[in-house]
Each structure stands twice: as C-alpha cells, then as structure tokens.
Amino acid sequence: MTNEMNNYKKDLGYKWVKASSGNTYLCPVKSLQDMKNPSEDDLRSICVDESMDPQNS
C-alpha cells in the first residue's frame with residue numbers, strides 16, 4: 001500500500017520544497033527538474049508558498 005501511495009504522489013507532478021528560510025513551497029516537478037539548486041526567488045516565482053496557509057499550523 002505504501003509503495004502504491006508513493007507512486008501515486010509522484011504521478012501528481014508536485015513536490016514540497018523547504019527553502020533555507022524555512023518557508024515551504026509546493027512546486028511543479030517539471031519546473032524543478034531544470035534547476036539544480038533553485039534560490040528562494042526562483043521558488044517564489046514558480047511555486048505556491050504554503051508557509052502562510054492556516055491549515056499548516
């Protein structure tokens with residue numbers, strides 16, 4: 001069951017990334033594949049900032 005869930009999540013095409021500032025971003029995997037080490041400005045431009053989401057607390 002765990003392997004099936006992990007494969008399902010990979011197929012969704014999004015990944016959570018934690019920046020050095022501690023903020024978390026939900027990013028499209030295809031956009032991240034082109035960048036080896038994205039800066040926080042890059043993450044802000046292509047991803048959704050999940051840090052301020054009230055459901056995350």
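Mentor: A polar contact here is a pair of N or O atoms within 3.5 Å; within protein, one must be able to donate a hydrogen and the other to accept it, and residues adjacent in sequence count only if both atoms are side-chain atoms. By that rule, the side chain of Glu40 makes a polar contact with the side chain of Asn23 at 3.3 Å, and another with the side chain of Ser21 at 2.8 Å.

Before going on, note that this is a predicted model, in which local features need pLDDT of at least 70, side-chain atom pairs count only at pLDDT 80 or more, and totals for chains, interfaces and linings use all residues. Residues are numbered from 1 along each chain as its sequence is written, and side-chain values use heavy atoms, with hydrogens and water left out.

Glu40 lies in helix α3, residues 40–46. Helices (H or I, at least four residues) and strands (E, at least two) are DSSP runs, numbered from the N terminus. Glu40 counts as buried because its relative accessibility is 16%; buried means under 20% relative accessible area, exposed over 50%, and partly exposed in between, with a 1.4 Å probe and protein chains only. Contact means heavy atoms within 4.5 Å. Leaving aside neighbours within four places in sequence, Glu40 is in contact with Ala19, Ser21, Asn23 and Tyr25.

Two of those partners, Ala19 and Tyr25, also belong to the largest nonpolar core, whose seven residues include Val17, Leu32 and Leu43. Such a core is a set of buried Ala, Val, Leu, Ile, Met, Phe, Trp, Tyr and Cys residues joined through side-chain atoms within 4.5 Å. Val17, with neighbours within four places left aside, is in contact with Asn23, Thr24, Tyr25, Cys27, Leu32 and Leu43.

Next come the strands. Two strands pair if DSSP finds at least two bridges between them. Strand β1 (residues 14–18) and strand β2 (residues 24–28) pair in the antiparallel sense over five bridges, and Lys18 stands opposite Thr24 in β2. Their hairpin has five residues between the strands, and Gly22 takes a positive phi near 100° there.

The open sheet has three strands in the order β1-β2-β3, with antiparallel pairing. β1 and β3 (48–49) stand at the edges with a single partner strand each, so one side of each is left without a neighbour in the sheet.

Along the sequence, the chain follows the pattern α-β-β-α-α-β. Of its 57 residues, 18% count as buried.
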